[in-house]
Amino acid sequence: MVARFRAGDREAFLKVYDAYAGQVRPLVGRFFFRPFEREEAFQEVWLQVHRAAPTFDAARGGLLPWLRAVAANRCKELLRARGRRPELDLPLQDHDLVTTTDPEQSARATRMHTAIARFEASLSPDEAKVFRWSLLEERGHDEVARLSGMSPRRCKYLRMKLLVRAAADSELRRALGEVTSP
Amino acid sequence: MSLFFHRRAIVRAVAGELSADAEASLRAHLRTCTACRDYYDQLARVTEVLATAAGRADTRADDRARARLLVGLAAATGPRDRVAPRRWTWAAAGLVPAAALAVLFLRSAPHPEPAPYQAMRGGAETADGSAPALLIFASRKDTGTGHGPVRLVAEMPASGEARVSLDDYVQFSVRGLRAPAFVTVVGVDDAGEVHTYVPRAGIPPPHPAPSSAAISLGASIDLARGHRPGRLRIYGLLSAEPLAPERVRAAAAQVDRTRPGAPPLDLAVPQVSGLLTIAP
């Protein structure tokens, strides 16, 4: 599979992507805080991985460290291209990519859960169902429709409506800001 | 101002309800518009954090990222993957299917098209980073002054579905062309009736030059004449040579009205399309 990946085989590349995207994404998130920038950078990183695949040498190390190095370098290039400097000297060890818990983080998480529960309680019964099943549990529209007795179209509409309402809810925004601000 | 027109598309994009071509078009806009990008970020953070709160990955965002990567890969590896390119003016104009069609036509076309036209189709963004767009302005009829204030109701394809009423005058403009192009604008209503808005009968089609400013495509149209309430699929066709009106009407008449949105016309030219809902 590694040989096919190095040869630029698309299927092999996608297998690598599926296996490692979840581990590369947090690293990109350390360089780019805002979702849109992060998504764009994440895409650029993987296109760079595709271009650089022939240079991967399994004898010199594993695939994940190589991917991490490519990702970090690409992110720095993107920041430089935008006239920005990386704000942190980011270490690339494994443990840095794992979320650690601390008391303050726990408190923030509690406040976020409280805000979400309060927001959910303010919704009509139909909205609460869609919020829970579609936005929180991310079930498909058809499944939500079956569970709620509403049409898939209405579920889709409510999902978008609730997304906008959630983004405009001041308490929820405050709680979200706490857990998403750098 | 721009956010007003892109808000719905942004919500749909974050909710994972926007088609790939429309999302590509929106993303091209987001790269250049801070207000829209801020709104996108605001909504995207909500979905991210709700996913985190529920103790799961944001799978819809993951799926969208994978889909975008596939398109990007296709652009990087060439046409063998038969996927529309990533850096797309015409995809940015909401025209991935049309661009893919156009590529196929180009492969078999016996006569290559003039260079500026190919450049238009090529997929680079305009100098200011914007994408070609068909703008629709409307103004309510006013018995005293003739018409009320002019408002921008659509910036197709990125603005999504727009609404006007039979009491409106509408006028079309184009913005963001990369090369001079002849512009044809037609509409197809739910009953299959085809309306040709640009060019008017007996008037040569407009041939605007590349510009980041909106260029008017002619006089306004009274929707009360010949229109009925309902959906109208609007197509802006951009071509190197003037298109034969009967050919355009034939293609418009054949559009599959059972498909959602405005499916591309069977014409090998770049197209900007969108839906206009006419209220009574």
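Which residues of chain A and chain B are linked in a network of salt bridges?

A: The model is a predicted one. In it, the network of salt bridges links Glu39(A) and Glu40(A) with Glu23(B), Arg27(B), Arg31(B), Arg64(B) and Arg68(B).

Chain A gives 42 residues to the contact, and chain B gives 42 residues. Together the chains bury about 3,900 Å² between them, and carbon and sulfur atoms account for 58% of that area. On the side of chain A, the residues that lose the most area to chain B are Arg10(A), Phe36(A) and Glu138(A). These three together make up 17% of what that side buries.

Several elements of chain A give two or more residues to the side that touches chain B: helix 2 (10–31), helix 3 (35–52), helix 5 (103–121), helix 6 (125–136), helix 8 (152–168) and helix 9 (170–180). Helix 3 of chain A supplies the largest share of that side, eleven residues. By type, the residues on this side of chain A divide into 21 nonpolar, seven polar and 14 charged.

The salt bridges across the interface of chain A and chain B number nine. One bridge joins Arg66(B) to Asp18(A), with 2.8 Å between the closest N and O atoms. Another is formed by the side chains of Asp38(B) and Arg34(A), at 2.2 Å from N to O. This pair crosses between chains: Asp38(B) lies in helix 3 (residues 34–53) of chain B, and Arg34(A) lies in the loop between helix 2 and helix 3 of chain A. Asp38(B) has a relative accessible area of 33%, so it counts as partly exposed. Arg34(A) is also partly exposed, at 28% relative accessibility.

Over all chains, the structure holds 29 salt bridges. Within chain A, the side chains of Arg74(A) and Glu44(A) meet in a salt bridge of 3.2 Å, N to O. The two residues are 30 residues apart, with Arg74(A) in helix 4 (residues 63–81) and Glu44(A) in helix 3 of chain A, and the pair links distant parts of the chain. Arg74(A) counts as buried because its relative accessibility is 16%, and Glu44(A) is buried with a relative accessible area of 12%.

Chain B has a pair of this kind in Asp190(B) and Arg231(B), whose side chains meet in a salt bridge at 3.6 Å, N to O. Asp190(B) sits in the loop between strand 5 and strand 6 (194–198) of chain B, while Arg231(B) sits in strand 9 (residues 230–239), 41 residues apart. Here Asp190(B) is partly exposed, with a relative accessible area of 38%, and Arg231(B) is partly exposed at 29%.

Disulfides are a separate matter, and over all chains the structure holds zero of them. The sulfur of Cys33(B) has its closest cysteine sulfur in Cys36(B), and the two are too far apart for a bond because the distance is 3.5 Å, whereas a disulfide needs sulfur atoms within 2.5 Å. Cys33(B) counts as buried, at 11% relative accessibility.

Definitions and conventions:
Residues numbered from 1 in each chain as written. Chains lettered and ligands numbered in written order. Predicted model: local features only at pLDDT ≥ 70, side-chain atom pairs only at ≥ 80, totals over all residues. Heavy atoms only, no water. Contact = heavy atoms within 4.5 Å. Buried area = accessible area lost by both parts, 1.4 Å probe. Salt bridge = Lys/Arg side-chain N within 4 Å of Asp/Glu carboxyl O. Helix = DSSP H or I, 4+ residues; strand = E, 2+ residues; numbered from the N terminus. Nonpolar A, V, L, I, M, F, W, Y, C, P; charged D, E, K, R; others polar. Buried < 20%, exposed > 50% of the residue type's maximum accessible area, 1.4 Å probe, protein only.
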